[in-house]
Amino acid sequence: MATEGFRALDEKSLVEYIKATPSLCSKLGNQLDDLQIKEVGDGNLNFVYIVIGSAGSFVIKQQALPYIRCIGESWPMTKERAYFEAVTLKEHGRWCPDRVPEVYHFDRTMSLIAMRYLEPPHIILRKGLIAGVEYPLLAEHMSEYMSRTLFCTSLLYHSTTVHRQAVAEFCGNLELCRLTEQVVFSDPYKESQYNRWTSPYLDRDAEAVREDNALKLEVAELKSMFCERAQALIHGDLHTGSVMVTHDSTQVIDPEFAVYGPMGFDIGAFIGNLILAFFSQDGHADPVNDRKAYKQWILRMIEDTWNLFQKKFTTLWDEHKDGSGEAYLSAVYNNPELFLLAQRKYMKDLLHDSLGFGAAKMIRRIVGVAHVEDFESIHDASKRAYCERRALEFAKMLLKERRRFQTINEVVLAIQDLPS
C-alpha cells in the first residue's frame, strides 16, 4: 500500500482519525469517550466498521486492501474504487434518497467512506431470504430505486454532453469492470483456477457449461454489451447481498462496481438473485416448513419488481419526454403513436437484456469464483447440488431463449412449470 498519505486503519487508529475529522465528530455529538467500534466486513474487497457513540453512529468503509480479500495478493486491485463508490452513493442518493444511505464523509487519499449506519433490525436481504422472511415492500422499493437511478442517469433524462462527461469519468473504474468481465462473462465458460462448484456432484454440469457453444455465443453478446453500452450509471453488483432491509425499509449499499453500463445488468442481477433464492428454498425446507408458500412469494416478488419497474420507468419517461433528454427528442417523437411504439420497443429490449444478464449472473454463482450463501448454507452437499443444478439448467435455458419471453409473467410461469 504505497499510496502517498494512505494508511490502513484498525479499531484504535480509527478513533484518532474520527477525532481529527470534524464532520464525523459532529455526527457523534462530539462525544467520543465511549465509542464502540466493531469490524463487520464479510465482503471480498473491503473492511467495514460500525461506530456507535452515545449521541450518534455511522459506518466507516475503508477499501484498505490492494487485492481481492477472498482470493489474496494474487489478484491485485487498486483502492481508487472507493472514489467511484462514493460518487455513486451521492448520485444515486440524489435521485432516490429514501433507498440509499447518506454519505457523511469521503476521504479519497484514505479510500474511506463514512455513511449512515443502517441500524438493527436491518439485515442483508440475502440472509432474510434464506430465513424465509417476507418483505412486503421489497418490490415497491427496489423498483423505485432502479427506475429512478437508471432513468435519471440516462440519455432519456440528460443531454449527450452531460452524459458523455459522466461516462468519461467512470471509465476510470477500470479494474472493477475487468473483474466483472472475467468472473461473469469469461471464467465460467473455460478452465479457470478460480472456478469452483459442488464437486463431484456438479462436475459434469460445469463441464457442460464449458462445452455449450450456443451458450458461449449468447454470453459473448452480453459481454460486448456490458463493455460497450454506456446506457446509465449502474450499481454494477446489485445482488441480494447489496440490499439491506426491514419490513418497511430497503437500502441499497456497496456500489463500488459502478460504471456507465447497460441498465439490464442491474435489473438482471437483482432478479437473477431472487431466482437463485427460489431454487435454494428446497434445501432450506424442513418438516415444520416446506417453504412452498415462500417460494410462491419469491415468484411474486420477481413478477412485481419488473412490472412495477416498467410502470415507474415509463411514467418518468412520460413526465420528462419534453425535457433535456436527447435519446428521443420530442421534435422527432412528437407523434403519440410513434412515441408509444418507441417506448414499447425500448422496454421489451430492456426485459430481454435483464433476463440475459440475470441468467449469466446465476451461472457464475454456481460454477464460478464467488458463490451465494443461499446455496452454500445448505450443508448436505447432495441436496445443495440438486438445488444448484435446477437453477443452472434454468439459467442456461433463460440465457439462450430469453427473447421468446414477452413478459416477466411468462418467465415466472416457466419456473412454475419445471418438474419437481
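1. A residue is called buried under 20% relative accessible area, exposed over 50% and partly exposed in between, with a 1.4 Å probe and protein chains only. By that criterion Lys-61 is buried, at a relative accessible area of 2%. The model is predicted: local features need pLDDT of at least 70, side-chain atom pairs count only at pLDDT 80 or more, and totals for chains, interfaces and linings use all residues. Residues are numbered from 1 along each chain as its sequence is written, and side-chain values use heavy atoms, leaving out hydrogens and water.

2. Lys-61 belongs to strand β3 (residues 56-62); strands (E, at least two residues) and helices (H or I, at least four) are DSSP runs numbered from the N terminus. Contacts (heavy atoms within 4.5 Å) of Lys-61 beyond four places in sequence include Phe-47, Glu-85, Met-115 and Asp-254.

3. An open sheet is formed by three strands in the order β8-β10-β11, with antiparallel pairing; two strands pair if DSSP finds at least two bridges between them. Its edge strands, β8 (123-124) and β11 (250-252), each pair on one side only. Three bridges join β10 (residues 243-245) to β11, and Met-244 stands opposite Gln-251 in β11.

4. Helix α5 (residues 138-151) lies across β10 and β11, at about 35° to β11; axes are lines fitted to C-alpha atoms, for helices over the stretch in contact, and angles run from 0 to 180 degrees between N-to-C directions. Of the 14 residues in α5, 12 are buried, among them His-141, Glu-144 and Tyr-145.

5. The structure holds 28 salt bridges, each defined as a side-chain nitrogen of Lys or Arg within 4 Å of a carboxyl oxygen of Asp or Glu. In one of them, the closest N and O atoms of Arg-108 and Glu-80 are 2.5 Å apart. Arg-108 lies in the loop between β6 (103-107) and β7 (112-115) and Glu-80 in the loop between β5 (72-76) and α3 (81-95), so the pair ties together parts 28 residues apart in sequence.

6. Arg-229 forms a salt bridge with Asp-353, with closest N and O atoms 3.6 Å apart. Because Arg-229 lies in the loop between α9 (213-228) and β9 (232-234) and Asp-353 in helix α12 (residues 336-367), this pair ties together parts 124 residues apart in sequence. Arg-229 is partly exposed at 36%, whereas Asp-353 is buried at 11%.

7. A network of salt bridges links Glu-218, Glu-221, Arg-402 and Arg-403.
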